[in-house]
Amino acid sequence: MLKHFLKYAIVAFFLCLFGGCDFKPTTEFTKNQSFYYWKTIFKLTDTERKTLQNNAIDKLYIRFFDVGLVGNKVEPLGKIFFNEKPVQNVVPVVFIKNEIFYDKDLDIKNLASKTHQLIAKIASYNEILFDEIQIDCDWSLQTKAAYFLFLEELKKCHKKTVSVTIRLHQIKYAEQTGIPEVDSGVLMYYNMGKINADDKNSIYDREIALKYIPSIKNYNLPLVTALPIFNWLVHLRNEQVVQVIPKTDPNLIENLSEIKTGIFEVNSDTYFQNYTLKKGDQLKLESVPYTEIQTIVNDINRYSELATQQIIWYDLDEHNINWYKNETLFK
């Protein structure tokens with residue numbers, strides 16, 4: 001820990017000496033932490049429940065359902081079922097596929113009304129109170145007008161807090177992509193690159209991120225930050241991506257050899273869970289180590305300390321918690 005602190009202190013000294021800034025690096029995370037919950041059944045494991053208690057987590061951002069196309073019809077998908085009632089404050093989250101906003105005949109006012117009604121119905125049935133609604137949609141230039149109108153109509157229905165997710169490219173090119181007229185945004189600081197066979201990490205790439213985050217200081221919407229605590233294995237065959245195996249510790253898979261850091265080779269045909277691995281296949285582990293999460297927070301703080309006053313971890317899952325407990329991120 002001392003070594004990391006000294007490294008950040010030296011870097012900050014020279015930045016301030018030559019750049020005239022007053023940035024102070026930190027290895028401490030804000031006490032205002034929360035989690036995304038992204039499953040179709042809400043049922044906490046003992047590990048998940050203890051993590052919420054031990055870290056004094058009082059807010060969960062729970063995905064209630066998706067909105068997408070079934071044939072040519074817009075439908076809610078994957079509605080959540082509550083096996084237990086959350087004791088934390090709940091922010092319902094709805095993931096909306098960008099594709100639906102390409103339809104020029106889409107009844108946007110009706111969509112906003114039905115989305116709000118379904119959120120309220122699920123919350124009421126499970127005796128969940130909420131003030132804030134969050135919409136997750138990676139809008140494009142072609143869908144910007146329709147999506148922003150949807151948000152406007154949703155705010156008329158909800159009459160309370162509406163937040164949205166924001167990607168890095170929407171921060172840097174805000175003049176073109178627009179800024180939603182909502183109460184706040186969540187900067188999604190992950191899934192930055194393409195999933196492929198090279199040595200890049202598609203979850204987090206600091207080189208890519210540093211090209212975008214200076215624009216945070218000029219972004220005209222209050223932001224908090226969502227950070228990744230998930231990992232996956234990119235399954236490669238003949239240097240081509242076969243599939244992504246989520247939330248898996250490579251140590252649990254037999255017949256693997258680590259040929260270099262984070263790259264594993266399959267020694268013989270293996271069947272793991274529902275995945276068929278052939279001899280010679282490779283598995284590339286992608287994750288964001290604790291030290292890199294510290295670096296992310298320091299990088300963001302150079303341009304907006306407000307954006308790290310609340311951290312939302314993606315996502316609450318026993319595998320993710322156990323993965324990071326080994327690095328002391330969670331108690």
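Gln273 sits in the loop between β15 (270–272) and β16 (275–277). Helices (H or I, at least four residues) and strands (E, at least two) are DSSP runs here, numbered from the N terminus. Though not a glycine, Gln273 has a positive phi of about 55°. Gln273 is also exposed, with a relative accessible area of 52%. For these labels, buried means under 20% relative accessible area, exposed means over 50%, and partly exposed is in between (1.4 Å probe, protein chains only).

Glu127 is another non-glycine residue with a positive phi of about 55°. Look for Glu127 in the loop between α3 (108–125) and β7; Glu127 is exposed, at 57% relative accessible area. As background, most residues other than glycine have a negative phi, and most peptide bonds are trans.

## What you're looking at

This is a predicted model, with local features needing pLDDT of at least 70, side-chain atom pairs counting only at pLDDT 80 or more, and totals for chains, interfaces and linings using all residues. Residues are numbered from 1 along each chain as its sequence is written, and side-chain values use heavy atoms, with hydrogens and water left out.

## The whole chain

The chain has 9 helices and 18 strands. A compact globule of 331 residues would have a radius of gyration near 20 Å, and the chain's 21 Å agrees with that. (That radius is taken over C-alpha atoms, and the globule rule is 2.2 Å times the number of residues to the power 0.38.) The C-alpha trace spans about 55 × 55 × 40 Å along its principal axes.

Of the 331 residues, 50% are buried. Contact means heavy atoms within 4.5 Å. Among contacts with a separation of 6 or more, 71% are between residues 24 or more positions apart.

## Asp136 and Arg167

Asp136 belongs to strand β7 (residues 132–136) and is buried, with a relative accessible area of 6%. The Asp136 side chain makes a polar contact with the side chain of Arg167 at 2.9 Å. A polar contact is a pair of N or O atoms within 3.5 Å; within protein, one must be able to donate a hydrogen and the other to accept it, and residues adjacent in sequence count only if both atoms are side-chain atoms. Setting aside residues up to four places away in sequence, Asp136 touches several residues, including Trp38, Phe95 and Thr165.

## Two buried loop residues

Asn201 is in the loop between β9 (184–188) and α7 (206–209), and at 17% relative accessibility it counts as buried. The Asn201 side chain reaches the backbone nitrogen of Ile203 at 2.9 Å. A polar atom of the Asn201 side chain also lies 2.7 Å from the backbone oxygen of Ser287.

Gly178, in the loop between α6 (174–177) and β9, is buried too, with a relative accessible area of 13%. Gly178 and Phe148 are 30 residues apart in sequence, and their C-alpha atoms are 8.9 Å apart. Beyond residues up to four places away, Gly178 touches Trp139, Lys144, Phe148 and Tyr219.

A cis peptide bond joins Tyr314 and Asp315, with omega about 5°. Asp315 is in the loop between β18 (311–314) and α9. At the start of α9, a side-chain oxygen of Asp317 comes to within 2.9 Å of the backbone nitrogen of His319.

Helix α9 (residues 318–325) has His319, Asn320, Ile321, Trp323 and Tyr324 as its buried residues. Their cover includes α2 (46–54), β10 (223–228), β17 (282–286) and α8 (290–301).
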